[in-house]
Structures are given as C-alpha cells and as structure tokens.
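Here's a quick briefing to read with the structure open beside you. Have a look first, then work through the notes below.

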Amino acid sequence: MSDPESGSPARRRLAPADRRESLLDRALELVAESGAAAVTMQAVARAAGVARPVVYDFFADRTALLDALLAREETRALADVLSVAPTALTGADLGDSVTRALDAFLTLVLRRPTTWRVLLSPTSALPTEVGVRIEQGREKIAGVVESSIRAVLGGRCAGLDTEVVALAVIAAGEAAARLVLAAPEQYPPARLTRFTRTLFGALGLTAGPTHPAGR
Amino acid sequence: MAAGRTRGDRPKRRYSSRLPVEQRTEQLLDSALRLVAESGFGAVSMHAVARHSGVTRPVAYDCFAGRDDLLAALVNREQARMRAVFAGTAAGASAAAEPAAPDAPAEEGARRRDQPTETLRTFLTAVRDAPDTWRLLYTPPATVPDEPRQQLRATRAELLALLRTEFTGYAEAHGLPPDLDTDVAVHLLRAIVEMAGQRVLLDPDRYPPERMTAALGAVLDAFSPPVSSP
C-alpha cells in the first residue's frame, strides 16, 4: 500500500492514501478561506508543498478533486447527522426531543465548521456535479429525518405529510447552522436551543408523544 | 400610434421593427429573463437577448443602452412583480392597512390564525405561475452582477420583513410569550418558506403549492395551543 508506483516528486514520502487525504485537507482549507473558486490544481499543489503532477496523480482535474472533497465531507456530515437522529428519541417530550437533536446537531456543526460551511453554501456556486451530489446527500438525510419524525411523533403523525415536514425540519436546521456559523457570538447554539424550548413550551407540546392530538 | 414607431426604411429586417418600443422592450426583457433562468446572468448579452427575441442587435440597442441597462430594467421589472405579490398577501395587506379596531377581536383573531397559511399559499402560487421571476431570488449572489445583486438582496430583505410581520401577528394571536426570540423565529421561518418555494420551482408536479401549503398548514394547526380558542 505504501509502495508508490509513480515516480511522483512528492517532497515528503506519504503513502498514497495519506497523500490523497492531505491534498483534500488542503483543498478544504482553501474552500474555507476563499470559496470553491479558489480550489485549482495549482493552488492545492502549492498549499500541500508538492508539484502539480502529484495532484494530477490523484485527481483527473479540478472538478474531480472538488467532487472527491465533497464526497468525503458529505460522508462525514452524513455520519454526523445519523448520530444525531437517536438523540431525538431520548427526549422526555416533543420539545425536549427537538431541542436535544438541535443541540447535538449544532455541536457537530461547530466541530466541523469548514465542512458544514461548504455543504451549506449555495449549491450552484459549485460545479454542477458537486451540487447534484449535495442534493443527493440532502435526500438521504431527509429520509433519516422523516423516520425520526415518525418515531418521535408516533400516532400523532397520522395525516401529516411527513416528507414535507422533514424538508421543513431540515431547512430550519440548516438555517440554524448558518446562523451559528456566520455569527457565533450573536447566535450561540444556546440561543437557538432556548428558542425551541420556549416555542414548544408555549405551544403546550411538552407533554410527550402520548399527548392526544389536537382533535 | 404604432406607425410612429416603425422604421420601414430599414431593409431586410424580419418583423423586428413592427412592434412599438414598449412591447419590444417587454419582449426583450422576457427573453433576458428566460436566459437568466436557463443559464444564469452570465448568459445575458445584447446579442443573446436579440437572438432569443428573433431580432437584430440594433433593434435591442433601440430599447437599451447596453447589457447593464437591460439587466437593470429586468431586475426592476421582476422586483416590482415580486413586490406586488408581497403586497397582495394577507400580511402585506394588514401591514399596509390601518390598525384593526379594538372592538372586533374575535374575527380579527380567527383571520390572523389562518393568515400564515394564506400568505404561504399566495407566495407559492405566484412562484408556480411565474417560476422564472422567482428563480431570481434563488440565484447564488456570487453569479449576479453588483447592481442587480443589491436589488435582489433588497427584495429578500422585504420577504424577511413580511415574515416578521406575519410571525408577530401569529405570536400575538396565539399569545406566544414575548420573550420568544423573534429574530431566530423569522430566520427559521424564512428558511422553511424558501425551501417550499424552491421545491415548487424544482418539481412542481411532486410538490405543488397546494401540497406544500396543506402540509405546512397542518403543522401550524398542530402547533396551535389549546388555550387559543376562547
């Protein structure tokens, strides 16, 4: 695995898999600093301290590199989100479930701010294939969120269009993440969780999944 | 009236000279809007717009000084259309109207409770009926030239203001606690409304305005606290 079959002029000897990861790390930093447009083969090579052909050993072109980056970040993010879903099920009631899930989600977002900044940027600013990939990631997450909603609401979701409700939950979650990422001092996670707690408390939805439906 | 606008002395022009300037201007703007919707602002040039309208470039230059002028006129027109929709929503109307008389609270309360759903329906129906217009709001800012970008930002700010009015009315009608964070509420609400609009744009067959309105309205109903009915 550590035998490089190409005579790449890499400055330090890294196993190919490690080299690939490190190139993607540099690309992610570039995106974070200056946006996806800053990611060129040249810029990534320079940031990694290698010659440009080394980058071409791993990625056919810029789009392939961005695609690989997005694939990696999306896998990480998806794993993050999947780990949040069970949190929602531990809530004492609906408001508690929502607040716990939001808190867990925002904690993960702040642990990988760059990843989330990239995934939450307007998709058409990125190459089309990448935008499509992000949309596919959203679809997967939508499925997970929808089953969590069904699990948390139980009988109360009868008659609810849970697919659309899941989309709304995701939209709100993304908006919360954008606020936290864009202005962490103005919008700390605690401000957002206080909001859901107050809202659900005021709406009388703290009585738990067994609380009878409105009518 | 039309006779004064024609330029019959220019030979070999297809039907290009026969429209009055006002109509020609509208036609060119329609073409520009289509081009933006299909391929972004970068696709708009005087040449591309003229070709899309089936006229020669000089005809386009009779109506607009150049690309910047055309884009400014386009965004002005579309902004006015979006504003008209905002003004036609229940929240827009009540924001413009005199404050309600204090002695009609019951009807006022009922009206306000249905209001968010009605506003959403109005918005999503407008999106379905004029998708190219509303797609402008979803154009990534980085791809929009400076001046139109600022105009579109202003329009998004107006949508946010509309939702703030909407939320405040809803909060009052439901007796939501005054310490509920309005800024957070409005940002999350905007994300949900924009998501609904985007779904209508992307796939109106699967996500028609009626479905989005019903689904989100049902959530609002479920959220209505029992104390709100007197």
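Between chain B and chain A, five residue pairs are in polar contact, both partners at pLDDT 80 or more. That cut-off comes up because this is a predicted model, and side-chain atom pairs count only at pLDDT 80 or more. On the chain B side, helix 10 (182-202) and helix 11 (209-223) each put at least two residues into the face that touches chain A. Sorted by class, that face of chain B has 20 nonpolar residues, one polar and seven charged.

**Chain B against chain A**

- Contact between the chains involves 28 residues of chain B and 28 residues of chain A.
- Together the two chains bury about 2500 Å², with carbon and sulfur atoms giving 73% of that area.
- Five salt bridges are counted between chain B and chain A.
- One pairs Glu163(A) with Arg206(B), whose closest N and O atoms sit 2.6 Å apart.

**Inside chain B: two domains**

- Chain B splits into domain 1 (17-64) and domain 2 (76-223).
- Where these domains of chain B meet, domain 1 brings eight residues to the contact and domain 2 brings 13 residues.
- The area buried between domain 1 and domain 2 of chain B is about 790 Å², and 64% of it is on carbon and sulfur atoms.
- Leu33(B), Ala37(B) and Phe41(B) account for 68% of what domain 1 of chain B buries against domain 2, more than any other three residues.
- For polar links across this domain interface of chain B, there are three salt bridges and three residue pairs in polar contact, both at pLDDT 80 or more.
- The side of domain 1 of chain B that touches domain 2 has five nonpolar residues, no polar ones and three charged.

**A closer look at Arg77(B)**

- Arg77(B) is part of helix 5 (residues 67-88) of chain B.
- Glu26(B) makes a salt bridge with Arg77(B), and their closest N and O atoms are 2.9 Å apart.
- Leaving out residues up to four places away in sequence, Arg77(B) touches Glu26(B), Leu29(B), Asp30(B) and Leu33(B).
- Is Arg77(B) buried or exposed? Arg77(B) counts as buried because its relative accessibility is 11%, and buried means under 20%.

**And Ser97(A)**

- Over in chain A, Ser97(A) belongs to helix 5 (residues 94-111).
- With a relative accessible area of 5%, Ser97(A) is buried.
- Which residues does Ser97(A) touch, not counting those up to four places away in sequence? They are Ala88(A), Gly91(A) and Val152(A).

Methods
Residues numbered from 1 in each chain as written. Chains lettered and ligands numbered in written order. Predicted model: local features only at pLDDT ≥ 70, side-chain atom pairs only at ≥ 80, totals over all residues. Heavy atoms only, no water. Helix = DSSP H or I, 4+ residues; strand = E, 2+ residues; numbered from the N terminus. Buried < 20%, exposed > 50% of the residue type's maximum accessible area, 1.4 Å probe, protein only. Contact = heavy atoms within 4.5 Å. Buried area = accessible area lost by both parts, 1.4 Å probe. Salt bridge = Lys/Arg side-chain N within 4 Å of Asp/Glu carboxyl O. Polar contact = N/O pair within 3.5 Å; in protein donor to acceptor, adjacent residues only side chain to side chain. Nonpolar A, V, L, I, M, F, W, Y, C, P; charged D, E, K, R; others polar. Domains from an automatic or database assignment.
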